[in-house]
Amino acid sequence: MKIFCKKGLRTARIAAAVSAMILAGSSLSGCKDSKNLSNDEVKLEIAEEGDLITGKPYKIRASRHLQDLRAEHGDLTAINPVTGEHAGENEWFYVLPEEYFTSYELNYDSDIDSSDNNGNDGEANSLKAFTETFRATLSDGKTRETQETFAVTDPLFPDEWHLYNIGQNPYGVTAPPLKKIDLNVIPAWRIILPEDKKQIDGSGVYVAVWDQPIDLNHEDLRDRIYDPGIPGTADLINTGLPLEYLQEHSDGYHGTVMAGIIAASAMNKQGGRGVAFNSYLTSFNMNSDHSLSLSAMLKMNRLNLVNASINLLVTYQDPAVWDLYEALYENNIALINSQGNDFENGKQCLSVHTDCTFPQTAVFKRYPFNIHVGALNSLGVKASYGSTGANMWVTGFGGEFGAHASYPEWSYGAAIVTTLTSYDPRDFRDPDEDSPWRTEENKYYTNTMNGTSAATASVSGAAALAYQARPRMTVSELRYLLAKTSRNDTVMPALALSPLEAEDDVYDEKIVFDYGWQDNAAGFRFSNWYGFGVADAEALVKAALECDKDPVCSGMKELPEKYVSANENPCAYTDDSKRLITCAFSDFQNEEGEELGRNELIVDALTYDVSGLNYLPEGIIEDCELAASAEDEEKTEHNEDRMGAVYTANAFLELIAESESGTKSLLKPVYANWDYRSGSDIPSYDEHLEPLDIATSAFYQEPLREDPDRKYRLNVRSVCQIDVDKLNKNMHLTVYGRRR
């Protein structure tokens, strides 16, 4: 804190002990012996602590009667702008206006000289501390000025670029963050709910963190833990994180870092803060049976959403697990899942800048109402590792790898600052061990978290804020609001994408590897790289508050209808070389057998059942014979060889969907590896493969009609011939939607 007096009056700097006091509550003192100022001393103190970032008002109290008190930068009012409380005698509520943050002109540190033109040495306003000048008018009409420095209430908040990005670089990366690339969450925190007289902070929202166990003792998380009290779940729910587990599992802290991104406590003078810092967390151990976890989630009396920053690259579709995902959806519990970190993880993929792993290998990725999240870095483009795909819904903030002395080639982009564990990191493998950011003071935190895992947690935090704004929000409403409010390339030009085509030596023709951004027939702009765009917390919360005034959003309170195509033999070869099959879908019926007829269905989600895919021995590569699905013992004895052949055939498989409106969607690109029917991860490669539903988000809100001239189609390109009879046996299109 600094006391400031004009024209030759002494400037007193308060010692470090007083600066520490500011964190708990500040006082203001006047100056004496000035011909312009009163000799009577005035003391101002912080009667109630506030928060500069969120605009939670400070209550300031004067030690004596004042005619007036004004602030140079902030707003002083007699009524609390959040709660409506009236200030007492000689009391005021102080708030630093939102524009001081939305201008992105604050510094990171306060050590920059900001002397004014009158020769008074001022304090630079920064993200760590903000200096305010107050002018008090005494009862005799004389005035005096004082300065007060308000310190940030969470010491690591200035390092959380994903929450507020002013280009800060305490991490030591070679490419500092690009200003304004963040979640736009500060304006969301400043939204006041008039009925509750509360600010948006995640209050009343409950999040399940399905991951490695959360460290329940972490200083920034222990107040955020909710125990649902479900009998018989001691080994599943809120198990805690023993040190021994950390020492045995290199990623054992993964759930704790996700928890911090979502809901680390705020204004507690420790660490940073989460996106929804007043929401509650329940830890679900990912090492338990998935069915048990999902069933327990459904038993919780309070649960709004599930953060699943986990992956399972195995192609099977256990009907029981699928039904549990459907039960979450029907109970208005959103499951938000990470898309994966497998982009360009191979030579062929690298040559065309595309995914090396087909993301819809796991049932997580295929259930059409789960919300799949990609990753943005601090420079405003897709993170280098981030998987893409037609099932993508939205992009969150994942960062890159942070700075590491041992790996300078990976130190170009900032990672995410969040909670680590409550243990001394020297007692296990510290991910920040060689980071210039690591100090004794921040040892319970990390600045090296990244991945679509972190991005998913940032979106879950934003979704938690939206649930506070609209407590009975359905999953369909949340998906719509994310699609509507996320920022695409028209708002963030750095996201620009062009269609990507390249010649392939095996097919000996040009292949599409990405369509770039496309506007579908419903006006939604979509890409496989970013989904509908980058999450915007403020826009999401405001749209949630206005959902009832939006005819599309308000029409999603009830579950959508489900229609399935019923036409026989929808698939046939369309070229003489037998490389390309086209499937066309019609005769849609609902679960009661009623036909769609002349009705029009507006698409909420859709999937294609491709479980009939089986290769024949003929084709343009040698592996086709071995890849063919034969039942004889001779081929099952050569399982490893067959596995490799199936992987090769699958890598060259291409799936492109087309809506009746003409929008195209690249479901599976060439070169993306897929374990389908390889037998690599399950005892029998035919187990749980029927049905096998593949989803796309590209046709969101487009119409489905029974029009003989305009049909939904699926084009299948393969280097090995496909058994069309088997393909037709199961091939159908399932559409979830609402009639218009």
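Q: Which hand does the link of cysteine 547 and cysteine 553 have?
A: That link is left-handed, with -100° about the S-S bond. The sulfur atoms of cysteine 547 and cysteine 553 sit 2.0 Å apart; a disulfide here is a pair of cysteine sulfur atoms within 2.5 Å. This is a predicted model, where local features need pLDDT of at least 70, side-chain atom pairs count only at pLDDT 80 or more, and totals for chains, interfaces and linings use all residues. Residues are numbered from 1 along each chain as its sequence is written, and side-chain values use heavy atoms, with hydrogens and water left out.

Q: Are cysteine 547 and cysteine 553 buried or exposed?
A: Cysteine 547 and cysteine 553 are both buried. Buried means under 20% relative accessible area, exposed over 50% and partly exposed in between (1.4 Å probe, protein chains only).

Q: How many disulfides does the structure hold?
A: Three. Another one joins cysteine 571 and cysteine 583, with sulfur atoms 2.1 Å apart. Its torsion about the S-S bond is about 110°, so that disulfide is right-handed.

Q: And how buried is cysteine 583, as a relative accessible area?
A: Cysteine 583 is at 0%, so it counts as buried. Cysteine 571 is buried too, at 4% relative accessibility.

Q: What about cysteine 624 and cysteine 720?
A: Cysteine 624 and cysteine 720 form a disulfide with sulfur atoms 2.1 Å apart. The torsion is about -90° around the S-S bond, so this disulfide is left-handed.

Q: New topic: is glutamate 591 buried or exposed?
A: Glutamate 591 is exposed, with a relative accessible area of 63%.
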